[in-house]
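This report describes the fold, the helix packing and selected side-chain interactions of one protein model. The sequence and the structure are shown first.

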Amino acid sequence: MKNTFGRGLHLLFVFVGVFHIIQKDWGQALIYLGLGLAFDPFNPTQAWNNKPLWQKTVLLSELILVLVSGVLLFSTSHFN
């Protein structure tokens, strides 16, 4: 099964999220990177335990970016 639509949306959201990280707009980065995780760029029917290690690494790295963006958003807006 081809997942080109999901893969395209995933890449679009991740690229826009990274752009917002570069611009230091943590709120928008959090939104776009989080939306990117909603679209599995690999085989969405494959269970997490059956995914290769490199696919897990990519998805977990993106999740870490989301969490870091959230922490930076909270720390910059909460203490100002």
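## Overall architecture

The secondary structure of this predicted model comprises three helices and zero strands, where helices (H or I, at least four residues) and strands (E, at least two) are DSSP runs numbered from the N terminus. Along the sequence the pattern reads α-α-α. The C-alpha trace spans about 50 × 25 × 15 Å along its principal axes.

The protein has 80 residues, of which 29% count as buried; buried means under 20% relative accessible area, exposed over 50%, and partly exposed in between (1.4 Å probe, protein chains only). Among contacts with a separation of 6 or more, 52% come from residues 24 or more positions apart, a contact being heavy atoms within 4.5 Å.

## Basis of the values

Because the model is predicted, local features need pLDDT of at least 70 and side-chain atom pairs count only at pLDDT 80 or more, whereas totals for chains, interfaces and linings use all residues. Residues are numbered from 1 along each chain as its sequence is written, and side-chain values use heavy atoms, with hydrogens and water left out.

## Packing of α1 and α2

Two packed helices are described by the angle between their axes and the distance between the axes. For α1 and α2 the angle is about 160° and the axes are 8 Å apart; axes are lines fitted to C-alpha atoms, for helices over the stretch in contact, and angles run from 0 to 180 degrees between N-to-C directions. The two helices α1 and α2 are therefore roughly antiparallel (angles under 35 degrees count as roughly parallel, over 145 as roughly antiparallel, 65 to 115 as roughly perpendicular and the rest as oblique).

On the α1 side, H10, F13, V14, V16, G17, V18, H20 and I21 take part, meeting W26, Q28, A29, Y32, L33, L35, G36 and L37 of α2.

S69 is located in helix α3 and is buried, with a relative accessible area of 1%. Not counting residues up to four places away in sequence, S69 touches I21, W26, A29, L30 and L33.

## Aromatic pairs

Three aromatic pairs are present in the structure; rings of Phe, Tyr and Trp (its six-membered ring) pair if their centres lie within 6.5 Å, and planes under 30 degrees apart count as stacked, over 60 as edge-to-face and the rest as tilted. One of them is the stacked pair of F13 and F39, at 5.9 Å centre to centre with 20° between the planes. This pair links distant parts of the chain, with F13 in helix α1 (residues 4-22) and F39 in the loop between α2 and α3, 26 residues apart. F13 is buried at 15% relative accessible area, while F39 counts as partly exposed at 28% relative accessibility.

The ring centres of F42 and W54 lie 5.2 Å apart with their planes at 80°, so this pair is edge-to-face. F42 lies in the loop between α2 and α3, and W54 lies in helix α3, twelve residues apart. F42 counts as buried, at 12% relative accessibility, but W54 is exposed, at 54% relative accessible area.

## The salt bridge

A search of the whole structure finds one salt bridge, defined as a side-chain nitrogen of Lys or Arg within 4 Å of a carboxyl oxygen of Asp or Glu. The partners are D40 and K51, whose closest N and O atoms are 2.9 Å apart. Both D40 and K51 lie in the loop between α2 (26-38) and α3 (53-78), eleven residues apart. D40 and K51 are buried.
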